[in-house]
Amino acid sequence: MHDRPCPHDLLWGMSPAQLPADAPAWALQVLEAGQPVVVRRAMVASGQIAVGIRGASRDQRYATLMSMDSVRRRVRPEELIEGVHAGDLPPLRALVQLMPAMDELGLDWGITGSVGYQLATGIPAAHANSDLDLLVRAPRAITRPSARELLRLLDAAPCRVDLQLETPAGAIALREWAGDSDRVLLKCPTGARLVADPWARAEQVA
């Protein structure tokens, strides 16, 4: 790979042999089937990537490490918006409904969570009660009034929509940034912390 994978990217290439000896049997089966892992946010040694393995049920989530050298394919959330069609599931209907508004933001955006996983793999991961998880790359500050306007659009969708804003310092929830709290939770590789301005240069820790 030419650049380092980012949180929520899907990666193919990890083998069962890379798992620790105490890894659950279902995690081995996922990798044996050639399914991707999801990049997560954590500090790791050079040449390693923090990833999560997704099983068939919500309680099947396993955090582990993958070697950079093992990556054979990478799909970013932004790539999943191509060729999306409405289906019977509320999160897919919501996605099609919201796509014009998301495009109008003028920012890179993509799909994560169960819907993103399903679109990338063809494996039925979403269901009627699934949320729609979205990501927006926000290199520059988004005002709180603008966040509230966007949240109103999301809340009119046929399912719950959770959107993360990826700032240079880490990720924040749009729902929090659109609220009234003085500080919001910033998720970054070193952990999560409360900040007043997620775009402040002081928060951009390598």
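Predicted model: local features only at pLDDT ≥ 70, side-chain atom pairs only at ≥ 80, totals over all residues.
How close do the axes of helix α2 and α3 come, and at what angle do they cross? Residues are numbered from 1 along each chain as its sequence is written, and side-chain values use heavy atoms, with hydrogens and water left out.

Helices (H or I, at least four residues) and strands (E, at least two) are DSSP runs, numbered from the N terminus. Two strands pair if DSSP finds at least two bridges between them.

The sheet is open, with five strands in the order β4-β3-β2-β1-β5 and antiparallel pairing. Strand β3, residues 48-54, is joined to antiparallel β4 by seven bridges. A50 has L65 in β4 as its bridge partner.

Now the helices. Contact means heavy atoms within 4.5 Å. Axes are lines fitted to C-alpha atoms, for helices over the stretch in contact, and angles run from 0 to 180 degrees between N-to-C directions. Helix α1 (residues 25-32) lies across β2 (37-39), β3 and β4, at about 105° to β3. Helix α3 (residues 113-121) packs on the sheet, touching β1 (10-12) and β3.

Back to the opening question: the axes of α2 (residues 90-104) and α3 come within 10 Å and cross at roughly 85°. That makes the two helices roughly perpendicular, a term for angles of 65 to 115 degrees. P91, L92 and L95 of α2 meet V115, Q118 and L119 of α3.

Note on methods:
Parallel < 35°, antiparallel > 145°, perpendicular 65-115°, else oblique.
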